[in-house]
Amino acid sequence: MRFKKEDIISSICRIREEIGHENVKPAIKDIIFNENTGVMLIITADRPEKSVVIGKGGWVVGKLKEELNINSIHVEAYPDILLKEYKMKLTLEKLDEILKTVKLADPNPLENLYHLLNQRIGNIADFDTVLKDWNVEESKNNRAVVALSGGVDSSFSLIIAKLMGFNPIAVTVNPGNIILPRYFQKNVEALSAKLNVKHVYINVEMDDIINDSLEGRFHPCGRCSKVIEGAVLDYAKENKMEFLIYGDLLSTGNQSIVLGEDLIKINLPAMLSVTKGEIKKLASKYEVYRKGGYGCPLINEVHKKYPHMRKFSIQRVLRETRAGILEPGEALEMIMKIK
């Protein structure tokens with residue numbers, strides 16, 4: 001099945017008129033349709049053109065999908081695609097350097113990640129196709145520790161690490177139910193079991209952070225993250241792991257894989273330049289779903305007692321929005337949940 005660009009543009013203009021949107025003709029650079037998956041990629045000249053194609057509330061692109069009778073439509077602005085490609089090529093260079101200069105007990109998982117990244121660059125819009133039929137031989141020994149919090153970002157990292165053959169160990173730092181509530185614990189336990197991955201809890205003491213944040217002395221997220229990262233790092237070093245994998249989305253390019261003295265740190269979502277939507281989609285296939293609301297019970301209590309603290313949480317959302325991880329609509333929805 002082939003779709004002509006001119007016909008798609010005409011359909012978008014007509015749909016916009018029918019639903020009462022301004023009569024604006026979008027500048028579309030290219031249209032790519034995957035017949036095997038039924039996924040269409042519309043590449044617009046710039047972000048404002050992307051907004052024209054999507055329409056308010058996604059009405060335009062939604063009605064277009066229904067009319068074309070296809071599975072889904074992704075709309076990407078060409079500059080955003082170029083930026084993702086650039087960041088991933090920086091990572092490829094760093095990966096290549098590490099593979100050539102660092103002696104690894106088993107380089108296969110890292111080589112698999114290198115090939116996955118190459119495929120991702122060649123098919124940025126359809127991560128499902130990139131992962132389809134990916135089958136590698138898993139390392140015989142545990143090569144990596146994955147910091148698993150129970151959220152979708154860290155769950156994505158564990159899934160990818162397993163698929164790439166790292167034979168990972170999932171480590172969850174437990175500071176108590178006010179930071180790691182039971183529904184997060186259920187997530188980590190269920191996902192680890194589904195992937196047949198060894199899972200370990202590390203209990204840490206965070207009473208000072210909890211008490212000081214409840215007294216309004218500071219926003220807890222930065223200090224909490226530092227303690228959690230330190231505990232996971234200590235576990236990885238004690239168990240002589242080659243890799244430590246996080247669910248960070250912001251440390252892209254060269255910073256997505258960092259060579260330390262004792263191990264290599266990898267930020268998988270950042271390395272693959274995935275969006276929050278792509279993360280959620282993969283996680284949902286393994287029955288990992290994001291809980292409604294924002295953050296943990298501790299930060300929600302801090303917001304209630306000290307409303308001015310909300311601005312720091314909002315800033316964390318805006319950082320991901322500026323990086324292109326969140327669409328403005330997704331960011332707005334998340335900000336509205338900060339109460």
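Me: How do the 3 strands of this sheet line up?
Reply: They form an open sheet in the order S1-S2-S3, with mixed pairing. Strands here are DSSP runs of E with at least two residues, and helices are runs of H or I with at least four, numbered from the N terminus. This is a predicted model, where local features need pLDDT of at least 70, side-chain atom pairs need 80 or more, and totals for chains, interfaces and linings use all residues. Residues count from 1 along each chain as its sequence is written, and side-chain values use heavy atoms, without hydrogens or water.

Me: What makes S1 and S3 edge strands?
Reply: Strand S1 (28-34) and strand S3 (72-77) each pair on one side only.

Me: How do you know that S2 and S3 pair?
Reply: Pairing takes at least two bridges found by DSSP. Strand S2 (residues 39-44) is joined to S3 by 6 bridges, so the two strands pair, and they run parallel. Leucine 41 faces histidine 74 of S3.

Me: Why are H1 and H3 called oblique?
Reply: Under 35 degrees is roughly parallel, over 145 roughly antiparallel, 65 to 115 roughly perpendicular, and the rest oblique. Helix H1 (residues 5-18) and helix H3 (residues 59-68) cross at roughly 125°, with axes coming within 10 Å. They are therefore oblique to each other.

Me: Which residues of H1 and H3 make the contact?
Reply: Contact means heavy atoms within 4.5 Å. Ile8, Ile12 and Ile15 of H1 are among them, as are Val60, Leu64 and Leu68 of H3.

Note on methods:
Axes are lines fitted to C-alpha atoms, for helices over the stretch in contact, and angles run from 0 to 180 degrees between N-to-C directions.
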